[in-house]
Amino acid sequence: MTVTEATKENFHSLIQEEYVMVDFYGEHCGACVATAPFLRQAASDMAYISFIKVNTTFQTELAKRYDIKALPTFVYFRNGEEVFRNEGSMELESIHKRLSKLLYGI
């Protein structure tokens, strides 16, 4: 599965899937750049989860709506409802752990 770039126009419909991980990122954020390949790998590994990216440089309204204070910030949704979030760069193992929490509550 791929990582979908969201806009304010399509964001609400994209988060309505059963399991969604949203990456709020910035183009000039080193931690965001470091995390991107791991996020793409997780999307490839876990096709049953929707992976969405929001470029906060251009999607300022979404960043404000979701109270994004640090980059990257990952917000996890289940059926359109925020379940939890975390901030900072992650490697693949950390992403998998967070996704297990989303899927299984562990």
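This is a predicted model: local features need pLDDT of at least 70, side-chain atom pairs count only at pLDDT 80 or more; totals for chains, interfaces and linings use all residues.
Visitor: What holds strands of a sheet together in general?

Guide: Strands pair through backbone hydrogen bonds, and they can do that either parallel or antiparallel.

Visitor: Let's go inside. How many residues are in the largest nonpolar core?

Guide: There are 16, and the ones that touch the most other members are M21, I49, F51, Y76 and L99.

Visitor: Which elements give two or more residues to this core?

Guide: β2, α2 (30-45), β4 (73-78) and α4 (92-104) do. The largest share comes from α4, with four residues.

Visitor: You mentioned F51. What does it touch?

Guide: Not counting residues up to four places away in sequence, F51 touches T2, V3, T4, M21, L39, A42, A43, M46 and L99. Apart from the core we've been discussing, there is another one of 14 residues, with I15, A63, Y66 and I68 among them.

Visitor: Time for rings. How many aromatic pairs are in the whole structure?

Guide: A search turns up six. In one of them, F11 and F24 have ring centres 6.2 Å apart and planes at 50 degrees, so the pair is tilted.

Visitor: Where do F11 and F24 sit in the chain?

Guide: F11 is in helix α1 and F24 is in strand β2, 13 residues apart, so to speak of the pair is to speak of a link between distant parts of the chain.

Visitor: Are those two buried or exposed?

Guide: Both F11 and F24 are buried. They also belong to one aromatic cluster, together with Y66 and F77.

Visitor: Switching to charges. Why would charged side chains pair up at all?

Guide: Side chains of opposite charge can pair when their charged atoms come close.

Visitor: And how many salt bridges does the structure hold?

Guide: Six. One of them joins E61 and K8, with the closest N and O atoms 3.7 Å apart. E61 is in helix α3 (residues 60-65), while K8 is in the loop between β1 (3-5) and α1 (11-14), 53 residues apart.

Visitor: Why does E61 count as partly exposed?

Guide: Because its relative accessibility is 41%, which falls between the cut-offs of 20% for buried and 50% for exposed. K8 is partly exposed as well, at 42%.

Visitor: What does D23 form a salt bridge with?

Guide: Its partner is K53, and their closest N and O atoms are 4.0 Å apart. D23 is in strand β2 (residues 19-25) and K53 in strand β3 (residues 50-55), 30 residues apart. Both D23 and K53 are buried.

Visitor: How about R85?

Guide: R85 forms a salt bridge with E82, the closest N and O atoms being 2.9 Å apart. R85 is partly exposed at 31%, and E82 is partly exposed at 36%. Elsewhere, salt bridges that share partners join K8, E61 and R65 into one network.

Visitor: Last one: where is Q59 found?

Guide: Q59 is in the loop between β3 and α3. With a relative accessibility of 15%, Q59 counts as buried. Leaving aside neighbours within four places in sequence, Q59 is in contact with A6, T7, K8 and V54.

Note on methods:
Residues are numbered from 1 along each chain as its sequence is written. Side-chain values use heavy atoms; hydrogens and water are left out. A salt bridge is a side-chain nitrogen of Lys or Arg within 4 Å of a carboxyl oxygen of Asp or Glu. Buried means under 20% relative accessible area, exposed over 50%, partly exposed in between (1.4 Å probe, protein chains only). Contact means heavy atoms within 4.5 Å. A nonpolar core is a set of buried Ala, Val, Leu, Ile, Met, Phe, Trp, Tyr and Cys residues joined through side-chain atoms within 4.5 Å. Rings of Phe, Tyr and Trp (its six-membered ring) pair if their centres lie within 6.5 Å; planes under 30 degrees apart count as stacked, over 60 as edge-to-face and the rest as tilted.
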